[in-house]
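Subject: Structure for your review

Dear colleague,

Please find below the structure that I am handing over to you.

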Amino acid sequence: MRLLSTGSGEVVRGPVHHPLFARYYARLSVSAETRLGMARIRERLLAGLSGRVIEIGAGNGLNFAHYPGAVAEVVAIEPEPLLRRLAVQAGLRSQVPVDVVPGAAEALPVKSEAFDAAVLSLVLCSVQDVARTLGEVRRVLRPGGEVRFFEHGRGGGAAMVLTQQALDRTVWPALFGGCHVSREPVAALREAGFRLGPHRRVQLPENGPALPTSFCALGVAWRQDRSDAP
Ligand SMILES: C[S@@+](CC[C@H](N)C(=O)[O-])C[C@H]1O[C@@H](n2cnc3c(N)ncnc32)[C@H](O)[C@@H]1O
């Protein structure tokens with residue numbers, strides 16, 4: 001939680017303030033670009049996008065370098081102050097225009113139906129409310145707009161799932177900036193009314209022992225309107 005001072009002197013708490021995690025993530029995520037092949041995954045995640053894009057929980061902005069030139073503008077929402085500062089710097093180096101904006105996924109500070117695409121990358125694990133977040137993503141996408149996602153979640157067999165659930169109930173969220181390892185992002189997208197397109201499982205790291213965060217899904221989904229439903 002972050003203390004914010006308003007003009008009236010009133011002090012309110014910001015929604016996401018994880019200074020230790022932010023420092024840790026800022027370093028780890030950069031080395032993961034090459035060590036875990038994350039740069040390649042980000043490239044695939046964003047390939048072919050165009051128009052106006054909203055990225056939710058942009059972190060330190062590592063996706064920005066991978067947006068194709070056909071993207072007219074990225075609005076990057078990031079609530080954590082340190083990560084947001086790093087995202088602003090990454091935005092200045094980006095080839096496409098990036099506007100980094102404070103805010104939370106559960107109440108996106110943007111107009112309805114304003115975006116052609118939304119990007120969710122390693123963020124559904126960390127938001128406070130997945131259903132509200134996806135409701136907001138749906139609201140801000142134009143009809144037929146797409147979601148590109150790369151998310152980790154539940155997987156790896158019964159013993160691993162039990163471990164993931166135990167971690168989520170105990171130390172994991174406190175240690176890793178609110179992250180949960182047993183959520184089911186693909187099912188959540190479906191339940192939120194998105195039509196799933198091609199998506200595939202990715203294990204990270206590809207080789208070696210699996211970690212609670214190893215079970216990822218990379219893919220696309222579309223905002224489905226009630227009239228499109230089968
Ligand atoms: C694991 S990091 C991923 C960052 C980035 N998307 C990436 O691909 O490297 C999770 C991010 O979600 C952000 N986050 C946490 N809770 C959030 C919320 N309620 N709304 C929006 N972003 C949130 C964190 O501040 C952090 O930047």
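The notes below set out the conventions and then the findings, grouped by element.

This is a predicted model, in which local features need pLDDT of at least 70 and side-chain atom pairs count only at pLDDT 80 or more, while totals for chains, interfaces and linings use all residues. Residues are numbered from 1 along each chain as its sequence is written, and side-chain values use heavy atoms, with hydrogens and water left out.

Helix H1 and its surroundings

Helices (H or I, at least four residues) and strands (E, at least two) are DSSP runs, numbered from the N terminus. Helix H1 covers residues 19-35, a run of 17 residues. From its first C-alpha to its last it reaches 24 Å, close to the 24 Å expected at 1.5 Å a residue; the expected span is 1.5 Å times one less than the number of residues. Buried in H1 are Phe21, Ala22, Tyr25, Ala26, Ser29, Ala32 and Glu33. Here buried means under 20% relative accessible area, exposed over 50%, and partly exposed in between, with a 1.4 Å probe and protein chains only. The buried residues of H1 pack against helix H2 (38-46), helix H3 (81-93) and helix H6 (172-175).

The axes of H1 and H2 come within 6 Å and cross at roughly 85 degrees, which makes H1 roughly perpendicular to H2. Tyr25, Ala32 and Glu33 of H1 make this contact with Met38, Ala39 and Arg42 of H2. Axes are lines fitted to C-alpha atoms, for helices over the stretch in contact, and angles run from 0 to 180 degrees between N-to-C directions. Angles under 35 degrees count as roughly parallel, over 145 as roughly antiparallel, 65 to 115 as roughly perpendicular and the rest as oblique. Contact means heavy atoms within 4.5 Å. Just after H1, Gly37 takes a positive phi of about 75 degrees.

Strand S9

Strand S9 spans residues 215-223 and includes Arg223. Arg223 is buried, its relative accessible area being 9%. The side chain of Arg223 forms a polar contact of 3.3 Å with that of Glu113. A polar contact is a pair of N or O atoms within 3.5 Å; within protein, one must be able to donate a hydrogen and the other to accept it, and residues adjacent in sequence count only if both atoms are side-chain atoms.

Beyond its neighbours within four places in sequence, Val220 contacts Glu146, Val147, Arg148, Phe149, Leu196, Gly197 and Pro198.

Two further buried positions

Val186, in helix H7 (residues 185-191), counts as buried at 16% relative accessibility. The C-alpha atoms of Val186 and Ala217 are separated by 7.4 Å, although the two are 31 residues apart along the chain. Setting aside neighbours within four places in sequence, Val186 is in contact with Phe149, Leu196, His199 and Ala217.

Gly103 lies in the loop between strand S5 (98-101) and strand S6 (115-121) and counts as buried at 19% relative accessibility. With the same exclusion of neighbours within four places, Gly103 contacts Ile77, Glu78, Pro79 and Pro109.
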